[in-house]
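Thanks for coming. I will keep this short, and I will start with the structure on the screen.

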Amino acid sequence: MRRMEPRIGLENHTDRPPRGGHQVSWSTDRIAGALESALGRAAVRVVLDSAAGGDSPAPVAWTEPFSEEEVAEVLRLAHAHRWTVQPRGAGTQLATGNLPQPVQVVLSLARLHRLVSYSPADLVVTVQAGMPLATLAAELARSGQMLPLDPPVNPAATVGGLAATSTAGPRRLLYGSWRDQTIALRVVCPGGSIVRTGAKVVKNVAGYDMTKLFLGSFGTLGVLTEITFKLRPLPPHRATCVLHGPAGAVAALRQRLAASPLIPSRLEALTPAADGTGGAWTLAVDCDEPQAAASRQTERLLQWASDFGLQALVHQGLAADAWWQAWQQRLLAAPLRARLAFPPAAGVAVGEWLRQDAALRGWDIHLSLGVGHGCGWLTLPAPGQTGAAEPASAAATAADSGEAGPAWLAGRTAELAEALRDWRETLRAQGGSLVLEAAPRALRRTIDSFGPVGSSWRLQQQIKQQFDPYAILNPGRFVGGM
Amino acid sequence: MSGTAQVLDARLLQALLQTLGPRRVLHQPAHLHAYACDGYVAQQGLPRAVVFPETTEEVAAVVSLLNQYDVPFLPRGAGTGLSGGATPLHGEVVISLARMNKLLAVDLENLRAVVQPGLVNLWLTKRVAHAGCYYAPDPSSQSVCTLGGNLAENAGGSHCLKYGVTTNHVLAAKVVLPNGEVVDLGATYGDAVGYDLLGLLVGSEGTLGIATEITVRLLKKPEAVQTALALFDRVADASDTVSAILRAGIVPAAIEMMDQLAMQAVDKSHYHVGYPPDAEAVLLIEVDGLAGGVEEQMRRVVELCRQHAARSVQVAQCEEERALWWSSRKMAFGATGRISPDYIVQDGVIPRTRLTEVLQYIADLSRNSGLRIANVFHAGDGNLHPLICYDARIPGQAELAAAVGSQILRACVDAGGSITGEHGVGVEKRAEMTYQFCDADLAAQEAVRLVFNPRNLCNPGKLFPTPGRCSEVRQSAWLAAQFAAVSAGFPEQTRILAPDRQGRQDGVY
Amino acid sequence: MASDQVTTAAPRNGAFLWPDAPAPEQYEVCVHCGFCLEVCPTYQEWRDENHSPRGRVFLIQAAAEGRLSLDAAVVDPVFTCLDCRACESVCPSGVPVGHLIEAARGQVYHADPPRGWRGALARLFLRGLFPHPRRLGVVRALLRLWQRFGLQCLAQRLGLLRLLPPHLRALAVALPEVTARPARLSLPERLPAAGPRKGRVALFTGCVMDVLFTPVHEATVRVAQRHGLEVVVPRDQVCCGALQVHAGDRPQAQALARRNITVFAESGVDYIAVNAAGCGAMLKEYPELFRGDPAWHARAQAFAQRVRDIAELLAEVGTEPPRGRVPQRATYHDACHLCHAQGVRVQPRQLLRSVPGLELVEMPDAERCCGSAGVYNLTHPEMAQTLLTRKLDDLPPGVEMVITGNPGCILQLRAGLAQRGQRIAVRHTVEVLDAAYQQEEEQA
């Protein structure tokens with residue numbers, strides 16, 4: 001095979017150090033100084049950061065560029081001098097992915113939070129990566145539109161951070177995930193070159209679909225600075241039909257729903273039941289169709305619920321929003337959260353099996369399974385935890401850093417890792433997966449967050465090599481420790 | 001045709017014959033001509049050979065052999081692509097996947113199907129229709145085009161406004177890489193672990209590898225469908241209606257538009273609807289979903305059409321009527337053969353709100369160049385398909401048509417859009433890639449190609465801009481300017497759009 | 001655009017050196033969209049572009065424009081074509097693929113006339129036999145001898161039939177019983193309409209049709225008469241020439257066409273009724289044979305305008321539903337030259353649906369060729385057999401009868417069913433109608 005020339009990382013800079021030459025070891029202060037002289041004082045400071053890789057808070061050069069050019073400048077310098085960089089949005093997804101190696105620079109996108117362009121009649125919006133998803137949602141709602149992505153995240157989470165981790169929610173059933181809604185990106189690659197992908201129109205097949213490469217890449221190939229989404233009209237009518245009952249009845253209703261022409265926009269099966277009414281499972285069903293159709297759907301669901309002996313409750317409008325808000329809080333509060341993929345038709349059965357297997361191992365896991373599309377979450381609430389609590393991700397990074405793990409894990413880290421590995425294998429055998437979204441550091445040290453990559457591993461490595469040859473971006477965080 | 005066939009190494013031929021048997025290797029020059037091009041005929045070349053593997057292992061074996069002998073190759077489905085993606089310009093060995101047309105597995109419970117790449121798009125839908133399911137992406141050529149070709153081109157269709165394009169429906173694939181290695185990309189459920197390499201493969205126009213098993217998502221057929229046909233006296237009114245519908249919070253399954261010349265062409269074909277000759281535009285609008293909601297939405301759609309000066313709005317009363325309207329739309333490209341000996345179909349995309357002005361620009365270009373341009377397009381997506389009519393027998397017209405096409409794409413990019421929405425770059429729009437992407441953008445794409453296809457044996461010379469072609473386009477742009485100067489005093493556009501009974505316009509031919 | 005005379009007066013440069021070459025305005029219409037691929041029976045089987053309509057047109061054009069010589073590259077695909085015209089039905093730009101194929105075969109016929117025993121056999125049938133009614137009479141007599149005096153049974157018993165290749169063996173067994181005289185001679189030259197006269201129609205009797213299917217002619221005449229049509233049977237008519245055109249022997253076909261045009265012009269009828277789809281398509285396409293000959297072209301057009309398939313004609317003049325019953329479960333197979341070449345699909349079904357008791361169920365892909373395709377089942381037995389198998393596999397469960405409108409299809413289907421030992425009748429549309437009317441009369 002001919003030797004490949006790295007193309008992206010090496011462009012647009014002149015002060016390239018000699019290849020294989022002596023690697024200068026840079027102190028944090030020196031790095032900050034160098035960055036300061038390039039970007040100005042306002043954009044750089046040295047802080048103690050607990051999430052930049054090390055087990056204990058360590059000093060990092062914290063840069064907060066004012067513009068995309070400055071982001072490019074940071075990456076140009078970092079690439080040239082092999083500084084390791086962690087791009088960061090609101091820092092809500094730091095517990096996701098493998099434990100990173102310590103980094104020298106944190107590149108915050110907090111100041112790149114503008115709405116770049118929004119044309120409601122085109123159903124297309126472009127925002128900077130640092131804009132919180134909640135802010136964008138509010139802006140779109142004013143024009144009666146939405147970005148139909150509803151990941152269970154802290155409201156501060158930025159679109160850039162979420163796109164980089166590709167965190168989706170229950171609406172994925174009807175609208176798909178980030179890869180389905182994102183149509184264009186601006187990305188700064190190591191070396192400082194600014195790459196545009198896609199086009200700001202809903203259909204585009206010019207060249208490779210590079211947008212997809214960067215989504216879900218955990219900031220290991222480049223730093224997203226601008227994202228363009230296609231949008232949907234805000235559903236005119238919001239109603240959530242919540243059904244409680246035993247597994248068999250929930251599975252039967254799910255099957256009848258799947259065979260029917262109904263169009264649920266969210267179809268989430270929860271166990272144990274969400275509101276402690278006694279049933280083992282809860283099934284929450286949303287409909288985003290026009291009013292007349294949505295009402296008919298609800299009617300039919302209620303009819304079926306009574307056929308199968310399920311308790312039913314319908315939440316309308318703000319009450320429906322509140323229900324999903326509470327659902328999100330419960331997910332986020334758990335100190336361990338794993339994203340699951342599984343055959344949707346077998347969702348309830350898979351869930352039952354997981355619950356039982358976990359119980360045998362002495363763990364009381366909670367599940368929220370998208371039984372329409374086959375994605376969901378497994379959570380392990382801390383003992384004694386009830387209802388909403390502080391989002392776990394922040395806690396996970398700081399408090400859980402000890403070798404033995406947090407107190408609630410009571411030294412059973414290895415056991416839990418073993419269980420997760422077994423569950424992962426079971427899901428993989430059915431075409432699914434298990435990926436840790438939030439976990440104590442001790443656990444992340446024991447088990448790979450992502451699991452095996454499979455036969456594409458060589459390609460994955462070479463992609464990384466092409467875009468970030470010196471592995472300066474988020475080292476160690478992604479699959480296989482990339 | 002570009003010269004004679006490149007010679008196939010005798011030992012390679014022996015090895016191919018040994019791998020596939022004599023009936024699945026075409027190598028005599030006489031049998032290669034039919035593979036000189038796909039649906040895009042402007043450039044042609046002879047392959048060294050055509051092979052018909054039937055399994056992943058055979059594809060891998062063939063690809064490994066070709067690597068061993070340093071021979072370029074390209075995959076081909078039904079050869080209906082419109083940008084020359086399957087055209088062997090460098091004596092490639094054509095790997096025809098047409099015989100790999102099995103439906104390998106269907107899981108109706110989980111709405112998944114696993115297919116071989118040569119399976120025809122519509123067949124998949126036919127095979128799962130009994131269970132009320134279908135495969136959503138529906139390019140106009142769906143009755144013949146293959147799912148492998150759809151994957152390579154990231155094919156769209158009329159219903160992608162609501163349901164998305166191929167990439168939104170392909171979940172996993174077994175892929176023979178350009179070095180013969182076999183890898184699995186994507187995941188049947190949820191997200192694949194690692195970089196989204198499947199996302200790169202879909203739409204890579206056969207330059208990153210050959211998918212040999214494809215897992216796709218199936219959808220349930222909607223409970224209700226309603227289709228409306230709205231005629232407009234002015235193109236601008238039709239464009240405004242499109243924006244108004246979307247702005248009103250309605251996402252129809254499809255909004256298609258045809259202009260006067262396109263209507264005339266299809267009315268000459270087997271799919272005669274009987275469009276009034278003086279209507280300037282027709283919109284075909286389809287809404288689907290749950291029964292009650294569909295009626296509600298269709299009422300709004302009809303209302304909005306009326307508000308925007310539609311001359312008439314009809315809602316299809318039976319399946320036959322709906323089918324005829326759709327056939328008339330889907331056959332429009334081919335039907336252009338009835339009004340012009342040759343045509344180029346372009347595939348630019350623009351923001352939907354800029355339809356009116358870009359269509360006006362195209363009309364001006366048509367007047368200035370003297371070439372008739374029919375417009376058939378996915379209005380809801382802003383995906384234009386200007387059909388530039390010309391006669392290759394008139395010296396200079398082919399170049400002029402190419403130049404006009406290029407100018408239209410430029411205008412699309414200038415309006416904030418793309419040079420191609422679903423047909424791909426292929427050989428046709430390589431030069432125009434530089435309209436949309438700068439060097440850094442292209443370098444990133446090149447980096448991806450280097451990873452998958454480092455020896456550039458797999459469909460070389462496609463998708464990426466080449467300097468040679470740029471100068472060609474510049475030359476034809478110059479030609480177009482000359483022509484525009486000459487034809488400045490050309491008769492009114494309305495006359496251009498109203499050909500005589502033979503479908504020819506006085507003075508044009 | 002050039003008119004007919006300009007394009008065909010002189011052959012273009014290229015591989016087509018003889019008159020009557022494929023017409024540029026016919027192949028240039030092809031935009032290479034490929035919509036024809038999936039309906040082409042040979043492409044469906046081989047999935048090779050060479051053997052697809054688009055591929056064939058492309059090769060014909062390349063040969064016409066001198067980029068290919070008239071060698072195997074062009075000849076093979078042009079002759080694997082079934083000439084079933086399925087591609088024409090889906091072609092958005094209206095490429096007359098059949099005409100192009102036939103014209104190309106004409107060029108091959110000139111360039112490389114069939115030689116050896118195959119050539120001799122082709123000449124024997126296409127020039128020596130079919131065009132000559134009297135010689136066909138001799139064949140009829142021999143066939144009758146074969147059938148009536150038990151020779152067929154004897155041959156079967158002695159295993160003599162095994163000397164034939166399998167596909168011919170099946171056909172030989174499937175041959176219907178031959179009547180003493182052809183309809184052309186047995187029927188009166190003029191048969192009055194029953195009731196008020198709606199029109200005057202000449203029956204086209206054909207060659208093979210009138211040897212093997214004389215009863216179908218008789219049924220046709222009875223049904224026509226019943227619906228107010230006066231029927232004439234011109235004695236001097238000859239074979240339509242379709243088989244010759246398929247084989248590329250256009251001069252012979254032109255000679256036959258001239259004769260028929262003259263004979264039928266003299267008969268002074270409103271319609272020319274045909275009950276063989278292949279003949280009907282040929283007669284309607286006579287003008288195509290005379291593209292280079294303005295005078296005959298005009299006469300051929302006048303002739304062609306009066307040609308109707310019998311189902312088409314009955315639908316046009318209107319029928320009264322029969323009261324007799326044909327209580328059978330049946331399916332209708334669209335003969336290629338009826339549905340694709342003549343666009344007649346609805347009328348036969350309407351007629352059949354009017355028959356009380358007849359349960360008509362649709363078969364999938366009813367319009368796909370059964371493999372008969374003129375003499376294709378003799379020249380390309382392997383492909384013909386594949387298509388026949390697919391066709392028979394597609395027959396809906398429980399059907400007792402297959403109905404179609406072409407003698408070739410009837411023979412082919414009967415042969416296939418006999419091979420499989422399936423007891424399913426194969427009937428012509430008009431036979432079924434006639435049976436219903438006959439029964440009605442018996443009841444009365």
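Predicted model: local features only at pLDDT ≥ 70, side-chain atom pairs only at ≥ 80, totals over all residues.

The angle here is roughly 140 degrees, and the two axes come within 10 Å.

To find the pair, look for H8 at residues 247-259 and H9 at residues 291-308 of chain A. Their crossing is right-handed.

Which residues meet there? From H8 of chain A they are A:Ala249, A:Ala252, A:Leu253 and A:Arg256. On the H9 side they are A:Trp304, A:Ala305 and A:Phe308. Six residues of this contact are nonpolar, one is charged and none is polar.

Now chain A as a whole. Its 482 residues include 60% that count as buried. It has 15 helices and 19 strands. Take the contacts between residues at least 6 apart in sequence: 72% of them join residues at least 24 apart.

Next, chain B. It is divided into domain 1 (10-96), domain 2 (103-220), domain 3 (222-335) and domain 4 (340-509). I will take domains 2 and 3. Between their centres, taken over C-alpha atoms, there are 28 Å. How many residues of each are in contact? Five residues of domain 2 of chain B are in contact with eight of domain 3. On the domain 2 side, three of the residues are polar, one is nonpolar and one is charged.

That is all from me.

Definitions and conventions. Residues numbered from 1 in each chain as written. Chains lettered and ligands numbered in written order. Helix = DSSP H or I, 4+ residues; strand = E, 2+ residues; numbered from the N terminus. Buried ≥ 20, exposed ≤ 12 C-beta atoms within 10 Å, placed from the backbone. Contact = placed C-beta atoms within 7 Å. Axes fitted to C-alpha atoms, helices over the stretch in contact; angles between N-to-C directions. Left-handed = near helix turned anticlockwise from the far one by under 90°. Nonpolar A, V, L, I, M, F, W, Y, C, P; charged D, E, K, R; others polar. Domains from an automatic or database assignment.
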